[in-house]
Every structure is written in C-alpha cells, then in structure tokens.
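Please keep the sequence and the coordinates at hand while reading.

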Amino acid sequence: MIGTWPRKGLCAFWESDLHPSAALVLWLAGIVAIQYLDYPGLGLMLAAAVFSTPAICRPWLGYVRRARWLLLSLWLIVAFNTPGEALRDFSWAPTYEGMAEANLQAVRLLAMLALLAWLFVRLGRDGLLGGLWGVLYPLRCLGLDTGRLVIRLSLVLENLQTEHEKGAWKKMLVGEARFVDGPDSVRVAMPHWKMADTLLLIIIAMIVLGGLLL
C-alpha cells in the first residue's frame, strides 16, 4: 500500500501514523475549508500538505497538467462574468474584480488538486477503501449497504489503473467498450484507532463549530 508507516529518513519527521478514516475526514475538512480561505490560508494549507508528504509534488503536477483546460475555462468564465470595472474601459475585456476573483478561484482549484494528491499518496488504494469503510460504517445502522459502495469504488479505482487502448472513449459512447473484470473479493485492512486520531477529530470538530458560530 502506498503511504505505509512508519517512515524512515527525513520524511519520518513529517509523517504521522494517521488512521485512514481520520485522514479521510481531515481531507474532507480541508476541501470544505478551501472554499473560505484567501491567499494566506491557501498558502499555509499547501505548505502543510507538501511538507507533511513531499511525495505529492509529482502527482500534483500531473493533476495540474491534466486540469489545465479546466483551469483556463474557470478563469475565463469567472473573469468575464463578474460585474465591475472593465479592464481599460474596453467593453469586451474582463473586469478587474473578475480577474481578481478568477485568480483566487484558480488557486483554490490548485489547492484542491494538491489535497487530492495528498490523499492518494498518503493512503493509496487500500488505505482509501479502508478509510471510506470506516467513515461510512455508522450509516449501516440506518440500513444502508455501505459495503456495496466500497466495493464499487474499488472497481472504479481498479479500472482507472488499467491502460485503455487509444479511442476507447468512443467505443464507450456506442456501448462497444471492453471492461476489465474486477477482483473476486475485496480485502479491507483497518489499523488500530489511536488517541491521536480521536484528538484530530475533536480539533476538526471544534474548528468547524467555531467557523459556523463566527
């Protein structure tokens, strides 16, 4: 599993033995917090993600490269659709307020991609499945089949890791694509829950509650 512990060397100082469920909750809290952070807060979050798990840099750059057209589209939509003073009074130009908001939204998207890389590097496929299993387990009391959801997610992740032939998306549109068979069984390994995980969830809950009350 990618991101197993304990670490050795320089990375050991920045790594902690987080339970997969606690790491997943931390990631979800970070994704929500990004929507309300400005440049200083986003910079601190990015620095924390990189210093805690330096291995995210390479996959993060890969995500940014793949999302370059999404970034450009987001910037253009926000820049040209936000009311305000037009750039140099040109009627066709974006507004100053729009460009400022577009820059902020683009940085937020970059931060989200960094947290996504952090989650995948930190947990890996098995850790992600275990974390999701733990987070959704209380919903079983409501009669929801959370195991089926985890199994479907494992099949999606398995399919994403499979190399597809060129033009496979066209065959998918016409229903002629060949799908790779998934595993016969899925094994979810859950490490022991530690006091540090409980403290982390308490801190996250206090931060969220404080944000709602302010």
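Patches are made of residues with over 30% relative accessible area and no salt bridge, where like charges are joined within 9 Å and nonpolar side chains (Val, Leu, Ile, Met, Phe, Trp, Tyr) within 5 Å. Accessible areas come from the Shrake-Rupley method with a 1.4 Å probe, and for residues only the protein chains shown count as cover. A salt bridge requires a side-chain nitrogen of Lys or Arg within 4 Å of a carboxyl oxygen of Asp or Glu. The model is predicted: local features need pLDDT of at least 70 and side-chain atom pairs pLDDT 80 or more, while totals for chains, interfaces and linings use all residues. Residues are numbered from 1 along each chain as its sequence is written, and side-chain values use heavy atoms, without hydrogens and water.

Trp69, Leu72, Leu76 and Phe80 form a nonpolar surface patch of about 430 Å². Phenylalanine 80 belongs to helix α5, residues 68-81; helices are DSSP runs of H or I with at least four residues, numbered from the N terminus. With a relative accessible area of 45%, phenylalanine 80 is partly exposed, a class between buried (under 20%) and exposed (over 50%), with a 1.4 Å probe and protein chains only.

Glutamate 97 is located in helix α6. The C-alpha atoms of glutamate 97 and alanine 79 are 7.6 Å apart, although 18 residues separate them along the chain. The side chain of glutamate 97 reaches the backbone nitrogen of glutamate 85 at 2.9 Å.

Arginine 108 also lies in helix α6, residues 96-136. Arginine 108 is buried but has no salt bridge, and the nearest side chain of opposite charge, glutamate 101, is 4.5 Å away; here Lys and Arg count as positive and Asp and Glu as negative, with His and the chain ends not counted.

How values were computed:
Helix = DSSP H or I, 4+ residues; strand = E, 2+ residues; numbered from the N terminus. Polar contact = N/O pair within 3.5 Å; in protein donor to acceptor, adjacent residues only side chain to side chain.
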